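This report covers helix packing, aromatic contacts and pocket lining. Please read it alongside the model.

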Amino acid sequence: MKVVKELSACGGKLIKLSHDSISTKTRMNVNVYLPKQYYAQDFPRDRRIPTVVYLSGLTCTPDNASEKAFWQFQADKYGFAMVFPDTSPRGDKVANDPEGSWDFGQGAGFYVNATQDPYAPHYQMYDYVHKELPQTLDAHFNGNGVAKLDFQDDVAITGHSMGGFGAICGYLKGYAERKYKSCSAFAPIVNPSNVPWGQKAFGGYLGDERTQWQAYDPCALIKNVKHVNDDKILIHVGDADPFLEEHLKPELLLEAVKATSWEDHVQVKKVHGFDHSYYFVSTFVPEHAEFHAKNLGLI
Ligand SMILES: N[C@@H](CCC(=O)N[C@@H](CSC=O)C(=O)NCC(=O)O)C(=O)O
């Protein structure tokens with residue numbers, strides 16, 4: 001892993017990194033925010049700083065949320081690190097949308113492991129985000145005998161739109177092993193099998209056999225995952241979001257959990273006047289930060 005740039009931000013630092021990924025077989029960029037606690041002289045040697053992973057939406061790089069979501073203030077307030085991965089493999093050798101559209105291909109990896117050519121060789125974003133990246137960050141930041149950051153145990157996950165889908169999907173798939181301690185989402189695609197963005201992505205990456213799609217679709221996954229304790233999934237969506245009716249459809253997740261162990265444990269907050277932009281995301285980041293801080297035992 002190579003440090004490309006270190007930028008002072010709030011009380012800590014935004015570290016821009018790049019590395020060769022085994023999963024995607026490409027060079028991947030990732031941003032990590034280390035909060036002020038990381039740099040404090042008196043930070044207890046027996047404690048680790050937990051992590052919140054933020055998965056971005058279509059067209060994004062690690063920079064969109066780093067620059068526009070204002071997570072850094074919240075990370076300092078509660079004492080967690082942030083990880084902002086990229087949204088797909090990139091490069092001349094990486095297959096792209098044949099029509100050059102922005103909702104598939106580079107910038108739109110959908111956080112699944114593609115099985116179909118020509119996407120399968122590089123589009124392995126599920127393994128990259130949920131397996132390889134935490135291990136790689138752990139080795140980079142904690143490999144010097146001082147393990148101050150926790151990328152693998154006390155970890156929360158969140159995301160926006162395509163990334164909201166990726167967060168809920170990863171949380172549910174890893175739920176039995178408590179991979180993530182907390183999950184939230186901003187304007188997520190909750191039922192990709194039944195909306196155009198998801199159908200295009202799943203068809204392209206996973207093929208026409210719809211049973212393969214169920215392995216990643218939150219509305220299918222949640223029916224087969226047994227809810228425990230008082231875990232909740234927190235979701236915000238704006239009622240002025242232009243993608244709400246066609247692509248997001250949060251009500252489908254509420255329908256899916258009816259009469260399951262998750263009933264009453266998925267909270268969808270529809271907020272008046274907000275659209276799909278980072279003006280919406282950044283407004284509700286403080287509420288999501290507090291939610292994750294509680295679930296990570298920081299407050
Ligand atoms: N380029 C598109 C708009 C694409 C868009 O709105 N992308 C969202 C995520 S959508 C779902 O995954 C986003 O986060 N964009 C980046 C940003 O900084 O806002 C168009 O031209 O309409």
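Which helices do the buried residues of α6 pack against? They pack against α5 (162–173), α7 (210–213) and α9 (244–248), where contact means heavy atoms within 4.5 Å.

## Basis

This is a predicted model: local features need pLDDT of at least 70, side-chain atom pairs count only at pLDDT 80 or more, and totals for chains, interfaces and linings use all residues. Residues are numbered from 1 along each chain as its sequence is written, and side-chain values use heavy atoms, with hydrogens and water left out.

## Helix α6

Helix α6 spans residues 196–206. Helices (H or I, at least four residues) and strands (E, at least two) are DSSP runs, numbered from the N terminus. Trp197, Gly198, Ala201, Phe202, Gly204, Tyr205 and Leu206 are buried in α6. Buried means under 20% relative accessible area, exposed over 50%, and partly exposed in between (1.4 Å probe, protein chains only). Just after α6 comes Gly207, with a positive phi of about 95°.

## Aromatic pairs

The whole structure holds 30 aromatic pairs. Rings of Phe, Tyr and Trp (its six-membered ring) pair if their centres lie within 6.5 Å; planes under 30 degrees apart count as stacked, over 60 as edge-to-face and the rest as tilted. Phe70 and Phe73 make a tilted pair, 6.4 Å centre to centre with 55° between the planes. Phe70 is partly exposed at 44% relative accessibility. Phe73 is exposed at 51%.

Phe274 and Phe284 pair edge-to-face, at 5.0 Å centre to centre and 75° between the planes. Phe274 lies in the loop between β9 (266–271) and α11 (278–295), and Phe284 in helix α11, so the pair ties together parts 10 residues apart in sequence. Phe274 is partly exposed at 25% relative accessibility, whereas Phe284 is buried at 11%.

## Charges over rings

The charged end of Lys148 sits over the ring of Tyr38, 4.6 Å from its centre. Lys173 places its charged end over the ring of Tyr216, 4.6 Å from the ring centre. The test is NZ of Lys or CZ of Arg within 6 Å of the ring centre and within 35 degrees of the ring normal.

## Largest pocket

The largest pocket holds about 190 Å³ of space. A pocket is an open set of points on a 1 Å grid where a 1.4 Å probe fits, with protein on both sides within 12 Å along at least five of seven lines; lining residues have an atom within 4 Å of a point. Its lining includes Arg178, Lys181, Asp230 and Phe291.

Technical notes
Points joined across faces, edges and corners; volume = space filled by probe spheres on them.
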